[in-house]
Amino acid sequence: MKRKGIFAAYGAALALLALASVYDLFLSARLYAPNCLFAWILEHYASVAAYGCYAFMMAVLAKGRHRFFLLGVFGFGALCVQSFFGIYGLRSWLLGIAFYGILVFFVLYSAHQMSQARCEAWCKWILFYAKLMLVSYGIVLLIKLGWQRVRFRQIDAQHPFQCWWLPQLAGMAYASFPSAHTALTSSLLACFIKDVWKKRRISIGKAITVFGAIALMGLSRIIMGAHYLSDVCVAFLISFSVYVWLERKEKRKYGIWESRWKHGR
């Protein structure tokens, strides 16, 4: 990504964070609508995209005979196990198992249709995506453990609102700051990396799609009362910083990326 794009993204996020420092509680109170269908769907089903990404990662790395194949297996398995917590009833379990079975079949079939060279080329992008997701998510979780900020929908007399820069230590159940959903969605920034490696200008359409998806996820978290604007901004800043760092690191590593990409080596 060009310096202008990096400065623009940082500038916009920092400007919103400055706004949130003053109007965090006000914005959450005005936007709070727990019955909003759009926000509810994103809260409960946005993880399906992560399941698909990890399943595809597992299939492609397996066909490419990459040594990090187990990373995809572990990630996909962990997401599947996590999704079954809190599910009750035989029907729900059977539906869940059927869903994952169809998903695994689809991604395995898609990987099978890809050429060996194409799979090897995809492996490089997949590993970048995995690094971005795992490092960003790990940093967010560590901050959550330290801050333990109360969510807007859980504010009460014992757990009042607290500004984002002050750790609240409200308890493990409250972990609002920063937004993990936003951090995971920000992993879509990896979509830019092919253009960066191939020294092409990032298209406006792709930039709008990626940043629009991140913004919609952040907005949905505020609407559901799960996070404040500051939670969303800081989560994006973390993921974006990790992206910039990985991009610079990978560009130094693959200085002749174009030729490797074309031949899948």
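Reader: In this predicted model, does lysine 199 count as buried or exposed, and at what relative accessibility?

Author: The general idea is to compare a residue's relative accessible area with two cut-offs, under 20% for buried and over 50% for exposed. Lysine 199 has 67% relative accessibility, and therefore it counts as exposed. As for its place, lysine 199 sits in the loop that runs between helix H8 (193-197) and helix H9 (204-223).

Reader: Which residues form the positive surface patch together with Lys199?

Author: Lys199 forms that positive surface patch with Lys2, Lys4, Arg201 and Lys251.

Reader: Which residues make the nonpolar surface patch, and where is valine 22 placed?

Author: The nonpolar patch, with an area of about 480 Å², is made by Leu16, Leu19, Val22, Tyr23 and Phe26. Valine 22 is placed in helix H1, which covers residues 3-31, and because its relative accessibility is 62%, valine 22 counts as exposed. As a general point, an α-helix has 3.6 residues a turn, so residues three or four places apart point the same way.

Reader: How many helices and strands does the protein chain have?

Author: The protein chain has 11 helices and zero strands, and its pattern, read along the sequence, is α-α-α-α-α-α-α-α-α-α-α. Of its 265 residues, 42% count as buried.

Reader: For H9, what span should its 20 residues have, and how far apart are its end C-alpha atoms?

Author: The expected span is 1.5 Å times one less than the number of residues. For the 20 residues of H9 the span should therefore be 28 Å, and this agrees with the end C-alpha atoms, which are 28 Å apart. The buried residues of H9 are Val210, Ile214, Met217, Gly218, Ser220, Arg221, Ile222 and Ile223. After H9 comes glycine 225, with a positive phi near 75 degrees.

Reader: What is the phi of glutamine 148, and does glutamine 148 count as buried or exposed?

Author: Although glutamine 148 is not a glycine, its phi is positive, at about 50 degrees. Glutamine 148 is found in the loop between H6 and H7, and because its relative accessibility is 14%, it counts as buried.

Reader: Which form, cis or trans, does the peptide bond from phenylalanine 177 to proline 178 take?

Author: The form is read from omega, and here the bond from phenylalanine 177 to proline 178 is cis, with omega near -10 degrees. Proline 178 lies in the loop between helix H6 (116-147) and helix H7 (180-185), and glutamine 148 is likewise found in the loop between H6 and H7.

Methods: Residues numbered from 1 in each chain as written. Predicted model: local features only at pLDDT ≥ 70, side-chain atom pairs only at ≥ 80, totals over all residues. Heavy atoms only, no water. Patch = residues over 30% accessible without salt bridge, like charges linked within 9 Å, V, L, I, M, F, W, Y side chains within 5 Å. Areas by Shrake-Rupley, 256 points an atom, 1.4 Å probe, with all protein chains shown as cover. Salt bridge = Lys/Arg side-chain N within 4 Å of Asp/Glu carboxyl O. Lys, Arg positive; Asp, Glu negative; His and termini not counted. Charge placed at Lys NZ, Arg CZ, Asp CG, Glu CD. Helix = DSSP H or I, 4+ residues; strand = E, 2+ residues; numbered from the N terminus. Buried < 20%, exposed > 50% of the residue type's maximum accessible area, 1.4 Å probe, protein only.
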